[in-house]
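This briefing sets out the computed geometry of a single chain, grouped by topic. Please read it alongside the sequence and the coordinates.

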Amino acid sequence: MSHHTIHLFRKGLRLHDHPTLLAALRSSRRLYPVYILDLQFISSAMRMGPLRWHFLLQSLEDLHRSLCRLGSCLLVIQGPYEAVLRERVRRWGITQVTLDAEVEPFYREMEANIRCLGQELGFEVLSLVGHSLYDTKRVLDLNGGEPPLTYKRFLHILSLLGDPELPVPSITAEDFQSCQPPGPGLAERFRVPLPADLEMPPESLSPWRGGETEGLQRLEQHLTDQGWVTTFTKPRTAPNSLLPSTTGLSPYFSLGCLSVRTFFHRLAKIYAQAKHHSLPPVSLQGQLLWREFFYTVASATPNFSSMAGNPLCLQISWAQDAERLHRWRTVFEELLLDADYSINAGNWLWLSASAFCHRYRRILCPVRFGRRTDPEGHYIRKYLPILKNFGSKHIYEPWTASEEEQKQAGCIIGRDYPFPMVNHEEVSDHNLQLMQQVREEQHRTAQLTRDDTEDSVELSVRPEHSEDLPRAKVARVAE
Ligand SMILES: Cc1cc2nc3c(=O)[nH]c(=O)nc-3n(C[C@H](O)[C@H](O)[C@H](O)COP(=O)(O)OP(=O)(O)OC[C@H]3O[C@@H](n4cnc5c(N)ncnc54)[C@H](O)[C@@H]3O)c2cc1C
């Protein structure tokens with residue numbers, strides 16, 4: 001009860017199931033809830049497009065309001081995190097900094113730097129796990145110090161660990177009673193910035209509003225439909241429906257507006273009351289376990305988000321073409337509302353057959369994929385309105401429409417909309433040969449993440465359509 005504490009929010013933007021914040025409150029006389037808006041750190045560590053910025057600011061505002069209701073507030077301080085901490089520790093007489101443990105290398109480096117600062121300035125550092133179902137270190141320990149490299153092996157290790165711990169109680173006004181809030185005037189001085197303060201357009205076009213309040217509402221909405229929850233089977237969901245046919249909760253998990261443990265245990269309760277329910281890898285709990293799998297592997301793999309220096313990743317001599325890369329680049333991270341280092345890199349490794357996926361001969365055709373999953377092209381018509389007047393026959397390959405048809409659709413290919421960047425068949429053939437050669441030459445790497453009895457990711461794809469990829473992200477790529 002003796003500390004003057006800064007609780008440093010990084011992710012974990014919530015008050016439910018927050019073990020670190022709870023521990024901070026229980027060990028402090030005064031608590032400063034702080035978010036450091038370090039633009040330099042954010043731009044070097046993450047690629048955040050405007051939609052995600054809006055989502056983050058909305059989440060911070062929501063957290064601030066919730067803290068105010070409990071008699072405290074959120075202080076958003078702009079500046080390099082080390083300088084901000086140095087100054088605040090001195091000014092406020094801080095004896096403890098608490099923060100959630102994270103797996104990303106940039107957040108780990110930040111924690112290590114804060115620990116060094118703690119030694120220099122004389123404050124303690126407490127960090128607990130709150131962003132994953134398990135402490136990934138426990139999974140590694142049980143697997144001989146290495147990450148389990150297939151989903152199947154991963155589930156086996158989890159079966160030795162048992163269920164994830166239960167969520168801790170939500171934070172209430174009572175928890176703040178014996179802990180003084182930040183002094184007067186600080187809330188106004190360190191308010192949550194408006195989008196305009198960061199030179200962003202004032203309105204977000206995204207229907208996903210950031211924050212714990214909205215996240216919990218969406219979660220509850222899904223959980224009321226118990227039939228949907230128990231029968232959820234990922235391969236039966238529609239990857240390019242206009243509204244997600246899955247939960248749409250990933251942005252909330254990515255910033256920790258929602259606790260994955262809360263979701264996992266709520267699902268377990270519903271499963272327990274049902275006669276039958278779907279199972280991993282295709283069930284809803286199975287989706288959370290994919291997340292956990294990639295978190296665990298990422299936590300122990302150097303350079304997990306790149307090819308160079310990543311021991312799990314085949315070293316492929318991809319074509320080097322700066323202009324084409326530029327045209328594609330944004331879809332990797334910047335446009336994602338749910339961008340997440342471990343999940344994004346894990347899925348791209350899999351999708352490119354650089355790791356995890358060994359069925360590299362199954363190549364996704366952007367035209368056939370669209371035709372099968374959304375024959376009328378509703379998704380394209382909404383997000384690429386320039387193409388909306390083409391008939392269904394041409395919506396996925398408008399360059400095959402006659403000149404007359406293009407005129408009628410009000411869109412001339414090559415003038416109003418670009419020609420395809422590549423000839424799909426030629427590029428597929430080339431890459432197939434390349435992959436074949438690489439897999440032979442780098443046989444050991446190719447085997448590292450291979451599950452001989454079953455391909456874990458392919459399990460979540462309808463067997464008859466196994467070239468179709470299982471997730472909405474593919475459709476986003478097509479955007
Ligand atoms: C190339 C590529 C990149 C991706 N990048 C990201 C990313 O940056 N951030 C991200 O959260 N997801 C990413 N995914 C995974 C997946 O597309 C999203 O998690 C999913 O579409 C989110 O929708 P949902 O919340 O409705 O998922 P649901 O199907 O409702 O699943 C519930 C939760 O389970 C987790 N989950 C679901 N699918 C996966 C998966 N394939 N891998 C790991 N966890 C999963 C997510 O946390 C998700 O919110 C990527 C997938 C691909 C193919």
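Asn 303 counts as partly exposed because its relative accessibility is 41%, where buried means under 20% relative accessible area, exposed over 50% and partly exposed in between, with a 1.4 Å probe and protein chains only. The model is predicted: local features need pLDDT of at least 70, side-chain atom pairs count only at pLDDT 80 or more, and totals for chains, interfaces and linings use all residues. Residues are numbered from 1 along each chain as its sequence is written, and side-chain values use heavy atoms, with hydrogens and water left out.

**Backbone features**

- Asn 303 is located in the loop between H14 and helix H15 (322-329); helices (H or I, at least four residues) and strands (E, at least two) are DSSP runs, numbered from the N terminus.
- The phi angle of Asn 303 is near 50°, which is positive although the residue is not glycine.
- Ala 353 likewise has a positive phi, near 60°, in a residue other than glycine.
- Most residues other than glycine have a negative phi, and most peptide bonds are trans.
- A cis peptide bond joins Pro 280 to Pro 281, with omega near 10°; Pro 281 belongs to the loop between H13 and helix H14 (284-299).

**Overall fold**

- The chain contains 22 helices and 5 strands.
- Its radius of gyration is 24 Å, close to the 23 Å that the globule rule gives for 479 residues, so the chain is as compact as a globular protein of that length; the radius is taken over C-alpha atoms, and the rule is 2.2 Å times the number of residues to the power 0.38.
- Along the principal axes, the C-alpha atoms fill a box of roughly 75 × 50 × 50 Å.
- Of the 479 residues, 52% count as buried.
- Among contacts (heavy atoms within 4.5 Å) with a separation of 6 or more, 77% join residues 24 or more positions apart.

**Helix H1**

- Helix H1 (residues 19-26) is largely enclosed by the rest of the structure, because 6 of its 8 residues are buried.
- The buried residues of H1 are Pro 19, Thr 20, Leu 21, Leu 22, Ala 24 and Leu 25.
- Their cover includes strands E1 (3-9), E2 (28-37), E4 (96-101) and E5 (124-129), together with helices H8 (173-177) and H13 (260-273).

**Individual sites**

- Pro 201 occupies the loop between helix H9 (186-189) and helix H10 (212-224) and, at 46% relative accessibility, counts as partly exposed.
- Beyond neighbours within four places in sequence, Pro 201 contacts His 54 and Pro 195; the C-alpha atoms of Pro 201 and His 54 are 9.2 Å apart, across 147 residues of sequence.
- Leu 351, in helix H16 (residues 341-351), is partly exposed at 32% relative accessibility.
- Ala 353 lies in the loop between H16 and helix H17 (366-373) and is buried, at 7% relative accessibility.

**Second largest cavity**

- The lining of the second largest cavity includes Ala 353, Phe 356, His 358, Arg 439 and Arg 450; lining residues have an atom within 4 Å of a point, and a cavity is a set of points on a 1 Å grid over the protein atoms alone where a 1.4 Å probe fits but cannot get out.
- By class, this lining has 6 nonpolar, 4 polar and 2 charged residues, where Ala, Val, Leu, Ile, Met, Phe, Trp, Tyr, Cys and Pro count as nonpolar, Asp, Glu, Lys and Arg as charged, and the others, Gly among them, as polar.

Conventions:
1 Å grid on protein atoms, 1.4 Å probe; cavity = no way out; pocket = protein on both sides within 12 Å on 5 of 7 lines; lining within 4 Å.
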